[in-house]
Amino acid sequence: MSATAPPDRLERARRELAGRGYLTGPAATQPGARATTVRLALFAAALALLLAAAEVGSSGQRIGFLPPLAAGFLPAALVAVAGGYGLCRWLAVAALRLGGEPGTIASAVGVVAGAGPVAAVAAMGRPPVTGVTTLPAVVGAALAALGAALWMRHHLLVLLAFPAPPAAGRRVTGAIFPVVVLGGVVAVLALAHRSDQPETAAGASFPPPQGRVAIVAVDGLAREELEAAADLVGTDALRDLTLWGWAAVAPPRPQLPVVFWTTVACGVPPPLHGITVLEEVRLFGMEEGVPLSRVGRLAVATPLQWFGAARVLARPATVRRRATMWEMASRAGAAVTVGGWWGSWPVRRVMGEIVSERAWLGGDCGRDAVTPGLAALVEAAWQGGSADAAAASDALAVRLVETAGGVYPAHLLALSLPALDIERRRAPAATPFALVQRQLPHLAVVDTVVAGLRSRGYRVWLVGAPWHGGTAFVASSVAPSGRYEPVAAEELAGTVLDQMGLPSPLGLPPPRRDLSRVTGLPGVAQAYGPPPPPLAAPSARSQQVQRDVLRNLGYLQ
């Protein structure tokens, strides 16, 4: 018989024979709808707790975020579990109609169900950082996958009226749920015992800092574009810059300026300094925000925003766990000036002046955005709000170069030039010729800044980070001409401090000095302590406005 489905009369005969006991194996008891609903709801709650633990553990958040995050994930988990259960039943029925063997069908669909929790955690895109904080997500996903696979297999065997599995199999299936619960308790305890307190400042004596050093961050500039710009702009400073010693820098990962430039400033990778996203979500009216993965934003932030239970704001650097190069230099006694560097908002207490990216890109003159000594400069550059971010940041950079340092013999200037990248984000479909025409005035500003720094006695380190292809690089005015071995972004913080005669920070890579592998004397690494406190905490309105600014500039999609 070639039919893919058995005739109804054969099915009726099979049921009659089974009812009379002629077929082997005991008859399976059909599961009740209420019991199935309760089990699915419990599994959805466990899945919500697992996803919340993954968010908290992978991003290094406080354990206090676990309950609200789990509550936020619960509606999406209920929908996902209900949909997954319906899909598994449909697959089983379809495979049975095609002539599949019930035991094989149940096992295969059980594997599909078990893959769900693992896929949900993997889709978060969190970096595979080892440590106790990431164990709950890994262990919980494995236990949830095992429990889902075994339960779904047993459930489908019963639904398909297949002879029930042996008692031992049922005992294993029943025991997996206490194991999942126990694993969840262990996961929560592991997170609860994580140290959430920042390191305390320790007394230290530093040698007196020496000389003037500037590190200039140019967003959107590749090495290939720099060499082409030297001919287009036709000025001496850019031509000289192409003759400096240079080295490629590891490609920025992830593709967010705030992450890359904070890594450069702190000398440690993102999981250690804590700045991994541009946005945070405040759940259920909480005063603190939490960064969410793409799964979390889709499953938690989006639906809760409809009901006013979540707010998405720009994430300030109050959560940064490591000090930056200018904060370390200030602690060692050097005067510092910061112009628009990503990760400097809100401004912190240092011996010097700071214009954070909040003021650099949006013109805000609030106490959290700029130190009082530079507030008038920001206001003048933005001309009451009529300027745009590219023009205003260029004007501020030129003005800071003219005034930075003053009479201080030892001074560190950390300067950001984002205009090239802003122009590219404004016109993503522009032809190469049109894009060059838009960027030429900003390339001239790079030339002016470099020339001004050299005339004022600064040793200049220029870092270019392209976000749309090309070679990220660092070039140094103190390095002999030529190309050197690639440099990791984490090496630059210690290198800048070394240029000022300061010891290398404890736990950071050794300095590269003139881009060679020459390092300082062994045993001179020293702890610089945690980041200093901010002058003022940014308000929720300031965070909302900053998010709008970043979205308008193309940094948020």
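Start by selecting strand E3 (residues 279-283) and strand E4: five bridges join them, and the two run antiparallel. Strands here are DSSP runs of type E with at least two residues, helices are H or I runs of at least four, and both are numbered from the N terminus. Two strands pair if DSSP finds at least two bridges between them. Buried means under 20% relative accessible area, exposed means over 50%, and partly exposed lies in between, with a 1.4 Å probe and protein chains only.

A word on what you have open: this is a predicted model, in which local features need pLDDT of at least 70 and side-chain atom pairs count only at pLDDT 80 or more, while totals for chains, interfaces and linings use all residues. Residues are numbered from 1 along each chain as its sequence is written, and side-chain values use heavy atoms, leaving out hydrogens and water.

Next, step along to Phe-284, in the loop between E3 and helix H11 (294-306). Its phi is positive, about 50°, although Phe-284 is not a glycine. With 44% relative accessibility, Phe-284 counts as partly exposed. For another such residue, go to Leu-515, in the loop between helix H18 (491-499) and helix H19 (540-552). Leu-515 has a positive phi of about 75° and is not a glycine either, yet Leu-515 is buried, at 1% relative accessible area.

Now bring up the open sheet. Its eight strands follow the order E6-E5-E7-E1-E8-E9-E2-E10, with mixed pairing. Strand E6 (352-355) and strand E10 (482-487) are the edges, each pairing on one side only. On average, neighbouring strands are turned by 15° against each other, direction ignored. Zoom in on strand E5 (residues 335-339) and strand E7 (residues 411-417), which run parallel and are joined by five bridges. Thr-337 has Leu-413 as its bridge partner in E7.

Contact means heavy atoms within 4.5 Å. Then show helix H15 (residues 389-403) with helix H16 (residues 419-426), whose axes come within 9 Å and cross at roughly 175°. That makes H15 roughly antiparallel to H16, a label for angles over 145 degrees, where under 35 is roughly parallel, 65 to 115 roughly perpendicular and the rest oblique. Axes are lines fitted to C-alpha atoms, for helices over the stretch in contact, and angles run from 0 to 180 degrees between N-to-C directions. Residues to select at this contact include Ser-393 and Asp-394 of H15, and Ile-422 and Arg-426 of H16.

While you are on the E5 side, select Pro-346 in the loop between E5 and E6. The peptide bond from Trp-345 to Pro-346 is cis, with omega near 5°.

Finish inside. The largest nonpolar core has 109 residues, and Trp-261, Trp-326 and Trp-341 have the most contacts inside it. A nonpolar core is a set of buried Ala, Val, Leu, Ile, Met, Phe, Trp, Tyr and Cys residues joined through side-chain atoms within 4.5 Å. Centre on Trp-341: leaving aside residues up to four places away in sequence, its contacts include Ile-215, Val-264, Val-355 and Leu-415. Apart from this core lies another, of 44 residues, among them Phe-65, Tyr-85, Val-109 and Val-295.
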